[in-house]
Amino acid sequence: MGSLINYIIRRVLFMIPVFIGVTLFTFLIGNAAGNPINLIRLAFKGTLPQNVYLQLVAYYHIGENPLIRYLYYLWDLIHFDLGLSITSQRPVASEIGPWVWTTLYLQLSALALALLIGIPIAIYSARHQHSKSDTTITGIAIFGYSTPTFWLGIIFIYIFSFYLRVLPSSGAVSAITPWWGNWTLDRIAHLILPMTVLTYVQLATIIRLLRGNLLEVLKQDYILAAMASGLKERAVIYGHALRNAITPIITIIGLSLGASLAGAPGLETAFSWPGLGYEFTQAALALDIPTVLGITVIISVMVLVANLATDLVYGFLDPRVRVS
Amino acid sequence: MSQLTEEQTAPPKRVHRQRSATQWAVAWRRFKRNKSGVAGLAIVIAFVVFAIFGPLFAPYPPRSTESLLQGQAGQPPSWKHPFGTEINGIDVFSDSIWGARNDLWIGVAATAIATLIGLAVGALAGYSRGVIGGILLGIIQFFFVIPTLLLILLFSRVFQVLVYQGFGVNLIVLILGLFGWPGISFVIRGEIFRVRELEFIQAEKALGAGNLRILFRHIVPNVLTPVIVLASLLVAGNILTEVVLFFLGFGPANVATWGELIEEGVQYVSVYPWVALFPGLLVVTLVLGFNLLGDGLADALNPRLRE
């Protein structure tokens, strides 16, 4: 138990330099043109209103030296003050909340679905290596990670929204009349297409990795020993092989969770899905620097936390990790 | 025939050299047996040839709106315009050919930059113990934490607004190269850690071999195989990133790429679906090719699977 606590403390301590690195990095980008206001001005092409300008000067402590400005930035960040969005004039911190939620429920529902479908398929595929169904499964999977997600989304939109007209083409919720007569069903109707595309892509990754890992694990001597001792194949696969094959997958999921928090900006834009990826894209095009930096920092911190959680789960599942 | 007898009568020194060559011959033989890997290689070669010579036969210059003047904008696929035309009269087939050249260039050149940086950083991180090794590992892991794709978008935008717009595709090559190396360096670092503790390296050291000999004779060949595989997969990833980047409107203006065509196609997808469809199919095919090639190489070069 002591080793586990030690392990947790080490992981948490490691987060501190990375957090400083991330904040320093976003701070530097914001100051690429000397200070954030210069960058914001470019977006407005000289038409920045005087009162907004003065507000910005005060907020960014223009005139102080960069180190002091960075410390102010950290101080604000710790107090969850991310500044005012240039385009909407509202606090970035209060705008981001709903975006995080919108991205998360799309990403997590797709991930859950992908795991639910992917694990049994991968097991089946590994048990029947080189069979026709195995070839078909790996073929479908490799298409999944060779296809631009947003492009697949566009194809789906064309088929189901424009041609068949059975599902909505954009947004997370209808503006006036709900689909299928009810607001809960309306949200589900909007979720179906992007979730399907995302599930397919994540399914592809899970099948590919888990199948590969299982194939290697199934060649190990302890599997042979378990089989020879008379255990049923099912018991060997679920009790011994899967547990060893799935731990690397957890790392991958943890890492990809980070990537998926950034949303698939392409997919979210294709569906006008108001999540972090879509809003970041809009803000970056408009050079709305406070929003851009706010989203970057929030995602990075969430990834740090997700990675920590992954490490802990991993350390819990695999005792060897704790020691090294 | 004569070659064979020559080899048979060659002095023992040559036998040694021949053995090191057969390692690759073994890998090639294993690779050839893998149908999907060979298919990937064939796709990649076909696209490379297409990208080099295709533009010689392209019906129009890149981004040409010539067809607009002939009243041929927004035409569905026909013999004259095999992939149709988009709203400004750009011939989708012709621009797809130019796009093949640009996309392949982006994929390969960015991967080359990323691989070089990844090799250098990874080797340094793998060789140096203590503070420097720790700092380098920190930098690598830092790149795993930040949302890379979003930063690539932001960099492209800020650079074009702030510094210079005229780099064209090479700006994208540079940005993708500068953001693409951490994965490679992480793997290299791990490989060097693994290899340098192996007994035959210790034996070499005991025999008095220098660091450089060990590096080039033993470490580099061992590290090369994962690098080749990763590079092949990275090309695929870079092409996908390019497509997203252009689709979202962060690409340089007036460049013929598949992503740019898809962007234009998406805006009018309900009226002119072919504009987004055909370049997208090309993207899927080429990326599939590189992924299959990478997987095939991984199988062929993986010593654990070797019988």
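Is H130(A) buried or exposed? At 67% relative accessibility, H130(A) counts as exposed, where buried means under 20% relative accessible area, exposed means over 50%, and partly exposed lies in between (1.4 Å probe, protein chains only). This is a predicted model, in which local features need pLDDT of at least 70 and side-chain atom pairs count only at pLDDT 80 or more, while totals for chains, interfaces and linings use all residues. Residues are numbered from 1 along each chain as its sequence is written, chains are lettered from A and ligands numbered from 1 in the order in which they are written, and side-chain values use heavy atoms, with hydrogens and water left out.

**Chain A**

- Chain A contains 14 helices and 0 strands; helices (H or I, at least four residues) and strands (E, at least two) are DSSP runs, numbered from the N terminus.
- Of the 324 residues of chain A, 48% count as buried.
- The C-alpha atoms of chain A fill a box of roughly 80 × 60 × 30 Å, taken along the principal axes.
- Among the contacts in chain A with a separation of 6 or more, 70% are accounted for by residues 24 or more positions apart, a contact being heavy atoms within 4.5 Å.

**Loop residues of chain A with positive phi**

- H130(A) lies in the loop between α5 and α6 (132-144) of chain A, and its phi is near 70 degrees, a positive value in a residue other than glycine.
- F80(A) is placed in the loop between α4 (66-78) and α5 (92-127) of chain A.
- The phi of F80(A) is near 55 degrees, which is likewise a positive value in a residue other than glycine.
- With a relative accessible area of 49%, F80(A) is partly exposed.

**Chain B**

- Chain B has 13 helices and 0 strands.
- Of the contacts in chain B between residues at least 6 apart in sequence, 72% join residues at least 24 apart.

**Individual helices of chain B**

- Helix α13 (residues 274-301) of chain B has 28 residues, which at 1.5 Å a residue should span 40 Å, and the 40 Å between its end C-alpha atoms agrees with this; the expected span is 1.5 Å times one less than the number of residues.
- Because 21 of the 28 residues of α13(B) are buried, this helix is largely enclosed by the rest of the structure.
- Helix α6 (residues 130-145) of chain B has 16 residues and reaches 23 Å from its first C-alpha to its last, close to the expected 22 Å.
- The buried residues of α6(B) are G133(B), L136(B), L137(B), I140(B), F142(B), F143(B) and V145(B).

- Two packed helices are described by the angle between their axes and the distance between the axes.
- Axes are lines fitted to C-alpha atoms, for helices over the stretch in contact, and angles run from 0 to 180 degrees between N-to-C directions.
- The axes of helix α9 (residues 182-196) of chain B and helix α11 (residues 211-247) of chain B come within 10 Å and cross at roughly 155 degrees.
- That angle makes α9(B) roughly antiparallel to α11(B); angles under 35 degrees count as roughly parallel, over 145 as roughly antiparallel, 65 to 115 as roughly perpendicular and the rest as oblique.
- The residues in this contact include I184(B), V187(B) and I188(B) of α9(B) and V223(B), P226(B) and L230(B) of α11(B).
- The contact of α9(B) with α11(B) divides into 11 nonpolar, 2 polar and 3 charged residues; Ala, Val, Leu, Ile, Met, Phe, Trp, Tyr, Cys and Pro count as nonpolar, Asp, Glu, Lys and Arg as charged, and the others, Gly among them, as polar.
- Helix α3 (residues 35-57) of chain B packs against helix α5 (residues 92-127) of chain B at about 125 degrees, with the axes 8 Å apart, and the two helices are therefore oblique to each other.
- By class, the contact of α3(B) with α5(B) has 10 nonpolar, 1 polar and 1 charged residues.

**Loop residues of chain B**

- T257(B) is found in the loop between α11 and α12 (258-267) of chain B and is buried, with a relative accessible area of 0%.
- Leaving aside neighbours within four places in sequence, T257(B) is in contact with G99(B), N102(B), D103(B), V169(B), E242(B) and F246(B).
- W79(B) has its place in the loop between α4 (66-69) and α5 of chain B and is exposed, with a relative accessible area of 86%.
- The C-alpha atoms of W79(B) and L292(B), 213 residues apart along the chain, are separated by 32 Å.
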